[in-house]
2 protein chains.
Amino acid sequence: MKIVVDAYGGDNAPEEIVKGAVQALGERDGFSVVLVGKREEIEKLLAENGADATRVEVVDARDVITNDMSPTEAVRKMRDSSLVKAFGVLNSDPEAQAIVSAGSSGAVLTGAMLLVKRIEGVTRAALAPVLPTVKGGLVTLVDCGANSDCKAAQLVQFARLGSAMVTATSGNPSPRIGLLSNGTEDKKGNELTKEAFALLKEESSLNFLGNMEAREILSGDYDVIVSDGFSGNIALKACEGTALAFLSILKKSILAGGLRAKLGYLLMKPVFKEVKKTMDYNGYGGAVLLGLSKVVVKSHGSSKAKSIAASVIQAFTVASSGMLTSLDLR
Amino acid sequence: MKIVVDAYGGDNAPEEIVKGAVQALGERDGFSVVLVGKREEIEKLLAENGADATRVEVVDARDVITNDMSPTEAVRKMRDSSLVKAFGVLNSDPEAQAIVSAGSSGAVLTGAMLLVKRIEGVTRAALAPVLPTVKGGLVTLVDCGANSDCKAAQLVQFARLGSAMVTATSGNPSPRIGLLSNGTEDKKGNELTKEAFALLKEESSLNFLGNMEAREILSGDYDVIVSDGFSGNIALKACEGTALAFLSILKKSILAGGLRAKLGYLLMKPVFKEVKKTMDYNGYGGAVLLGLSKVVVKSHGSSKAKSIAASVIQAFTVASSGMLTSLDLR
């Protein structure tokens, strides 16, 4: 199996992307990578990082899609960009089963929607990032931004897709599913979630636990959290923002706290490192775009090698499980 | 002016509620409080806390509405509950300008909607909590749960009400308003926010900055954040949940970190206290229910005396500014 990697997507491209792809090869067998971008630069980086040449291909692409471009226009017109060419490899090479990009979210989403076939029966693909929980496990949010306005039936599809992905990546045969709402009671919600709640209750193949509040996202009590892409995006970014705010206030207080605080900080450094490691979702891979016949993983724009390596392995795990592509959602 | 206080609402009623009301009287002049609930118990607590008898009234009520009751039924039927009687005082005593309750959110919201007159032109009241930001200021979120499904015109009302409240409480003549969305670009959003965006752009009396992401809620770059009650509730609770998750992971890491970590923690204790103080929104009062002709403040159910005192002072500040009641929203 081949995993296609957009070597020129993201803030730290191409250095960290190539390094991450090489790391992934070192960590796991059973696949090779196709790096797409400026050939001579990629080959130089591959040599520097001691890549195993038998497991790497390079496909040349001269352009780069940036965050400030209109995604639809960029994907349509920039045929020689690393992203569009990477999607081209995914479509034309039967061994290519997955793609990883840390490039512009809009362009990756648009490219996936326009250039990758959906699973039969799926109305819209959904973006599913994976977050760490306080209990040490992971939670998958579907959708986090691909669909700003949804119908209730789509939310049911998101639940089935998310559940299948968790089973594929963790082996959990019956992922616990929560519907993101403004309260835990059955009657809570807006018009959309009330309708989705009723539909989800009927799905006997799903382990649907009912409504849940955003307070519980990181609790570890759910494996899959279902929402429309607008609310999911707000939930995800509110979590991110609060974690950053916490660190910022902590830092300010340490600086204002004099010698005692600084000494305490030095002693606690391994603790903070541990907390950061637990809360750093970069270590768990990227967001998978669910509902497509091939696996598309969007890594964070600021991804470093470690995060890219995790995304490549995640793409390989999902693709090789075969679950997502064999799903019947008609 | 009188501030009516539901002495039997909340997890720590009546002890912390009465204590908080007495504290507020000690901190600020210009108002008296009307405590509603079991007379003999309240009077005992007032004596214990050394209350100034000339600034306190007690109105007897024998029942208590609890969280497990249906809000609408409770408000309709429990005429002798502390909450319904408190709303009664608010309506019948012309000096009573505000009410504070830490009781069941549903019952306080329902009571306010059914029993308090709306400002002319306001379609629906909105719940507006105040959160601390990393820059040391505050941010007001409207709506955070009173309206699960909204129209774009309502979001504009929320912006005007929120802006007026910030001006009333902080003196800021031109509060910076953001529209909660799934991206910062003008075109981002769902159908509702796109329509609201266009309307808000037309409101020359408002300092509307445009779309903002949930990542920026605590950034200090906005004074008022506008959203429908469903999304606002998710944003608020995601922030709360992440802060709690952070503390939980930190605690676990300290316990696992041995003597060094524990010593570091002891040295850093004042820092953590400072962080907790900054992030603890209880110190800033409760959520104001905007759009009503009298001021309704919903305090957190777990409120202690300090938080009740802050809510009473907040209620007094908003009510005495006169801004909310003089707003013309027709």
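Start by selecting residues 287-290 and 295-298 of chain A. These are the strands β11 and β12, and they pair in the antiparallel sense over 3 bridges. Keep in mind as you look that this is a predicted model. For one of the pairings in detail, pick Leu289(A): its bridge partner in β12(A) is Val296(A). In general, strands of a sheet pair through backbone hydrogen bonds, either parallel or antiparallel.

Now widen the selection to the whole sheet. In what order do the 7 strands of this open sheet in chain A run? Reading across, you get β3-β2-β1-β4-β12-β11-β5 of chain A, with mixed pairing. To find the edges, select β3 (56-60) and β5 (126-128) of chain A, each of which pairs on one side only. Turn the view and follow the strands across: neighbours in this sheet are turned by 25° against each other on average, direction ignored.

Next, go to Pro14(A). It sits in the loop between β1 (2-6) and α1 (15-27) of chain A. Zoom in on the link back to Ala13(A): the peptide bond from Ala13(A) to Pro14(A) is cis, with omega near -5°.

Hop over to chain B for another one. Select Val142(B) and Asp143(B), which are joined by a cis peptide bond with omega of about 5°. Asp143(B) is in a loop too, the one between β7 (138-142) and α6 (152-170) of chain B.

Time to show both chains together. The contact uses the same surface on both copies, as 100% of the contact residues of chain B recur in chain A.

Last stop: the contact itself. Chain B puts in 48 residues and chain A puts in 48 residues. On the chain B side, colour α8 (229-256) and α9 (258-279), each of which supplies at least two residues to the side touching chain A. Which element gives the most to that side? It's α8(B), with 19 residues.

Methods. Residues are numbered from 1 along each chain as its sequence is written. Chains are lettered from A and ligands numbered from 1 in the order in which they are written. This is a predicted model: local features need pLDDT of at least 70, side-chain atom pairs count only at pLDDT 80 or more; totals for chains, interfaces and linings use all residues. Helices (H or I, at least four residues) and strands (E, at least two) are DSSP runs, numbered from the N terminus. Two residues are in contact if their C-beta atoms, placed from the backbone, lie within 7 Å. Two strands pair if DSSP finds at least two bridges between them. Axes are lines fitted to C-alpha atoms, for helices over the stretch in contact, and angles run from 0 to 180 degrees between N-to-C directions.
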